[in-house]
Amino acid sequence: MSEVPSGMPGPAAGPFVTAFELSPEVVVVTEGPEHRVVSVNEAGRLLLGGEFEGRRVAAVLEGLPPEGVAAWAAALAGHVRRVDGWCLSRRGGGPEVWFDAQVAPWHDPDGQVRGVVAHLQDVTERVHQHQFAEARDHDMTTALQEIVLPQDLPVVPGVELAAAYLLAAPGVGVGGDWFDVVPGADGVSLVVGDVVGRGLGAAAAMAAVRAVLRARLAAGADPEEALRSADAFARGYPDAVGTTVCVAQVEHGSGRVRYCTAGHPPPLTAAPGGTAHYLPRSGAGPLGTGPAGTPCEVAEHRLGDDEMLLLYTDGAVERPSRSTSQNTLDLADLVSRAVAGPADPDQALAGTLCDDVLARLVRWTGSGDDIALLAAQRVPEPARLSVSLPAEPGAVRAVRRALGEWLAPLAVRDLDEMAVQHALGEVVANAVVHGTPEGRTTDADPPAEISVEGRLGRDGRLVVSVADTGVWVEAAPGHRGRGLGLARGFTERVTIERGRPGAEGTTVTLELPLSRAAQLFESSVDERVGAPESAQADDLLLDDDGSDVLVVAGAVDLTSAEHLHSALLRRSVGGTAPLTVDLTGVGFLGSVGVRVLFEALAWGSAESPGSPADETAAGIQLVAAPGSAAQHVLETVGLPYRSSVVDDLSDFEW
């Protein structure tokens, strides 16, 4: 072994050997330009194990990073180097160990550099705490974004809306990009923006600026007024300074667009089969950066029939390994391709554009930042829903079919369609039961009529009315009267207009906002998460294999409820035999079906037939998967249910 000069750790006897051996830090001594190990102290031997004397340091310290190799070379040239955050692998496997290291030269008696001494301090716990904090902040920021970012978009007449949002890849850090849509009486306001920085602070600033803009736009402010308020707010909120925003308002009917780009990239426009063009920039600089009170210039554009307007954040034009100018050309090219391609009959062009552009952008170069896309296409306003038909049991299904056909082009969320289908079905069922006016008792008399009228308001609210010619009848005690309760549970507002006592005619009006889903992705544009699908067929489907599980699908309404009642009675032997009723596949569960279930749950208990039995006491137990139509109805009326046929999966054979 080579001699170590006085004052340096090595094989020489004396206090230096004791200090060398007992040091809690890992100490490694190498010699010569090949950096061969001549000595390792006890802490190092416990960590590294095996034979190491005479071997190159890179073979002993497995996983030595390039900056470590450079530090050894610098030390051999007479310099002291410190390198933090080395991740070294244990010999033979095991958990990773992180070190901060100081690498210094050691000299022979003549003062010539003979080798290198490295002191490695174990900082694994500190690194793990830092990683935990980063992961926690990322999770919190992501959760905040998911709460603040719209999960859905309003459905407004004359403007087809779509949005897609992609979180940056893991490790990049979550940014402050956002989008928003605010419907109004005169038009719909579109907003995209980007807060400077990343992490929790940026996400919080994003939420604050978005709230200010949304409040002003909802109050009827134009783009200039809304941005002036946001600019004033940013001057008192340091994390919001430098935020870039684009606000555009699309006027109902005319297609006139008034927009302002406060330091943000300008919108794109494209008509089907045409070429995408960037609109001129307008407005002032980023929020809080110019002189206070600087006016935000507003520019205008008029959308032609079916023309598209696309707002986006800078993640779409600032992507890895390509210049901003090239990315800008790429985005316009991708939009042109999307509007020129064949139309997907199952998806609106705005939605196709957002999905296609986002997927191609990421596929080409990856994602170095969050990307938000918000598209608006000028389309014809939908015609009114208008249905008139006799007050007969089949009217419920006929109205539901007509409503489904009317809603299909609007591409509303499944949950919204389920809600309005149930609410309207209940009101129509009531009209059928009570819709025959007094005095019309013979076949020669004309049948009673039910009329259904619906329209989509400027604010994205569906207003639909059901009118009949019957006499209002107060609900009797017991199970009756749940129909209007269900209708209220599925809508925001129910109003009833009826004549004086004994007078004919009742009109029930339902109101609820309609929305369509926005696409939110995390690191991948291939994620698709949906609620369990429910059968939408009008026919009631019952399995009849004789087991203790009855699977129900389709519609439980005035026409089919008696069939369900008979099946429950037979399969549960009047409530004395255990029976699980799986309602997940039920697309429509009306109040008449709810009444059947209430009665069935009471068969196996000593309770009076007016109240549901406890689910553990009843012979019948209900199952409805989360997100299914039946689950929403059971929650609304308070019927007990489980979310799975199998409670304990530990012994279940998959």
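How much accessible surface does the chain have, and what share of it belongs to carbon and sulfur atoms? The accessible surface comes to about 29,500 Å², and 52% of it belongs to carbon and sulfur atoms. This value, like those below, was computed from a predicted model.

**The chain as a whole**

The chain contains 15 helices and 27 strands. It has 654 residues, of which 49% count as buried. Among the contacts with a separation of 6 or more, 65% are between residues 24 or more positions apart.

Strands of a sheet pair through backbone hydrogen bonds, either parallel or antiparallel. In this chain, five strands form an open sheet with antiparallel pairing, and their order is S2-S1-S5-S4-S3. Strands S2 and S3 (81–88) stand at the edges; each has a single partner strand, so one side of each is left without a neighbour in the sheet. On average, neighbouring strands of this sheet are turned by 30° against each other, direction ignored.

Two of the pairings can be described in more detail. Strand S1 (residues 26–31) runs antiparallel to S2, and four bridges join the two. Within this pair, Glu31 stands opposite Arg36 in S2. S1 and S2 form a hairpin with four residues between the strands, in which Gly32 takes a positive phi near 80°. Strand S3 runs antiparallel to strand S4 (residues 97–107), and six bridges join them. Here the bridge partner of Arg82 is Gln102 in S4.

**Helix H4 and its buried side**

Helix H4 (residues 66–76) has the buried residues Gly68, Ala71, Trp72, Ala74 and Ala75. These residues cover an arc of only 165° around the axis, which means that they lie on the same side of H4. An α-helix has 3.6 residues a turn, so residues three or four places apart point the same way. The cover over the buried residues of H4 includes strands S1, S3, S4 and S5 (113–122), together with helix H3 (57–60). Just after H4, Gly78 takes a positive phi of about 100°.

**Cysteines and a residue of strand S22**

A disulfide is a covalent bond between the sulfur atoms of two cysteines. The count for this chain comes to zero disulfides. Cys260 is in no disulfide: the nearest cysteine sulfur, that of Cys296, is 4.6 Å away, whereas a disulfide requires sulfur atoms within 2.5 Å.

Ala517 is found in strand S22 (residues 515–517). Apart from its neighbours within four places in sequence, Ala517 is in contact with Gln151, Asp152 and Arg413. The C-alpha atoms of Ala517 and Asp414 are separated by 9.2 Å, although these residues are 103 residues apart along the chain.

| Residue | Relative accessible area | Class |
|---|---|---|
| Cys260 | 0% | buried |
| Cys354 | 0% | buried |
| Ala517 | 48% | partly exposed |

Key:
Residues are numbered from 1 along each chain as its sequence is written. This is a predicted model: local features need pLDDT of at least 70, side-chain atom pairs count only at pLDDT 80 or more; totals for chains, interfaces and linings use all residues. Side-chain values use heavy atoms; hydrogens and water are left out. Buried means under 20% relative accessible area, exposed over 50%, partly exposed in between (1.4 Å probe, protein chains only). Contact means heavy atoms within 4.5 Å. Accessible areas come from the Shrake-Rupley method with a 1.4 Å probe; for residues, only the protein chains shown count as cover. Two strands pair if DSSP finds at least two bridges between them. Axes are lines fitted to C-alpha atoms, for helices over the stretch in contact, and angles run from 0 to 180 degrees between N-to-C directions. The arc is that of the directions from the helix axis to the C-beta atoms.
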